[in-house]
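Biologist: I have not looked at this one before. Can you walk me through a few parts of it?
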Amino acid sequence: MARYTTEISHTFGEYLLIPGLTTRECTPENIDLRTPLTKFRKGEEPKIRLNIPFVSAIMQSVSNDTLAIELARNGGLSFIYASQTIESQAEMVRKVKKFKAGFVTSDSNLTPAHTLQDVLDLVDETGHSTIAITDDGMPNGKLLGIVTSRDYRLSTTPRETKISEFMTPFEKLIVAKAGITLSEANDIIWDHKLNTLPIITEDQHLSHFVFRKDYDSHRENPYELSDKQDKTLLVGAGINTRDYKERVPALVEAGADVLCIDSSDGYSEWQSDTIKWVKENYPEVPVGAGNVVEKDGFEYLAKAGADFIKVGIGGGSICITREQKGIGRGQASAVIEVAQARDEYFEKTGEYIPICSDGGIVYDYHIVLALAMGADFLMMGRYFARFDESPTKLLRVNGSYVKEYWGEGSNRAKNWQRYDSGSETAGMKFEEGVDSYIPYAGKMKDSLLSTLGKIKSTMCSCGSTDIPHLKENAHITLVSQTSIVEGGAHDVILKDSAKSR
């Protein structure tokens, strides 16, 4: 007969944290949010450790190269979405790896034969005011000059004027040779009062740009997540269980530091096969798996060799898997059970496999609850889709600025591989996600600093200065619907509401 789990399926919104003793050491500046991303043996260090417990979701509307760069600069990691061609996904990974902590690969390039109109079109498309002029219009072509807004006047320069007539030619540029350190490059920028310093190879080919504005930006990102050897930013990439034999080699060649199987239901032989193939062919590349919601699913993927395991089915704001298929579990209950299974597995085998809570976050304090319940880090989509750095368009709808946000299970995404049931017939059978808007939130860093500030403040109130201590010592209580109402503003007339009447 069927198995029954009689415990009610709970969400994060049904719990609160009870304060612990706040000691003198429990101040925000003392909170350590570092956490393992990949598995490790007892007494050893993980191959990858996050500086903040956030990764971005494997979604078209969330994780492209621009968001991956910004999140890594702030201590987290993105998984570039897999529902695109292998070539385009690999190129996104490559762009992140080329960023290199202040050394920027030029994304705006033209030739001397192009015109002012081409310059204006490119500025409008990319938002970049500095354009490299190379012999072939490629980012690593021979550098012949640069164009900035100071090289032309829209009121007097005809649109058809060739770039060769108004660009700053190479002979007048101050440049540096490849191999220079970022510190040395910044010294040149300051000594010569430059905004941009081109970095070139011995044969005058463009390697990178270093921008004056990035100097302060680099100093403002002390938690940057980068490779200890070559200082490149860390980046992950999503894969599926269909074309992994073709996709994985291209992603590894592009420089992906970690992979993750993107699926709504990870408790499957297809995922086991994929993990084992990656381990056999690329043993040095960590690969995560999921999603699961209970002990059996965790143990299955752990034995298959997963380096981390994602938890959650149907809890995302744009996910309708529970409505469509009737499978899933409240996110809090799922994290609690899988975390217990993870700890039992660690005691039995000596191998610690981090778990990632994926979905169910409504308020920032839910993040602390997820960590307290046992998650090592969180994957979030809606949170990151709101920012300038995400790939979607900024729109004005009903007087408010919004960004588009759609699920990988929606008809718009057409990501049937994520919901693949292994049948010979490929394609979407029905939607498991919706197409929506979310309120625009500006630059990532501003909101991220606010969220991290709340997390640190909550941890201080719990008496914890790091995530392992929080997991071990947090005091959590279930709350009633009435107490949830009590927890917000109630029985008053808010001033903004009164003004609008």
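Modeller: One term to begin with: contact means heavy atoms within 4.5 Å. Also, this is a predicted model.

Biologist: OK. Which residues does Asn-291 touch, leaving out those up to four places away in sequence?
Modeller: Asn-291 touches Ser-263, Ser-264, Asp-265, Gly-266, Tyr-267, Lys-310, Val-311, Gly-312, Ile-313 and Asp-358.

Biologist: Is Asn-291 buried or exposed?
Modeller: Asn-291 has 2% relative accessibility. Buried means under 20%, so Asn-291 counts as buried.

Biologist: And which strand is Asn-291 in?
Modeller: Asn-291 lies in strand β16, which covers residues 287-292.

Biologist: What joins the side chains of Asn-291 and Asp-358?
Modeller: A polar contact of 3.0 Å.

Biologist: Changing topic: what is the strand order in the open sheet with β7?
Modeller: The order is β7-β8-β9-β10, 4 strands with mixed pairing. β7 (109-110) and β10 (168-169) are at the edges with a single partner strand each, so one side of each has no neighbour in the sheet.

Biologist: How do β8 and β9 pair, parallel or antiparallel?
Modeller: Antiparallel, over 4 bridges, with β8 at residues 131-134 and β9 at residues 143-147. Within that pair, Ile-133 stands opposite Gly-145 in β9.

Definitions and conventions: Residues numbered from 1 in each chain as written. Predicted model: local features only at pLDDT ≥ 70, side-chain atom pairs only at ≥ 80, totals over all residues. Heavy atoms only, no water. Pairing = 2+ DSSP bridges. Helix = DSSP H or I, 4+ residues; strand = E, 2+ residues; numbered from the N terminus. Buried < 20%, exposed > 50% of the residue type's maximum accessible area, 1.4 Å probe, protein only. Polar contact = N/O pair within 3.5 Å; in protein donor to acceptor, adjacent residues only side chain to side chain.
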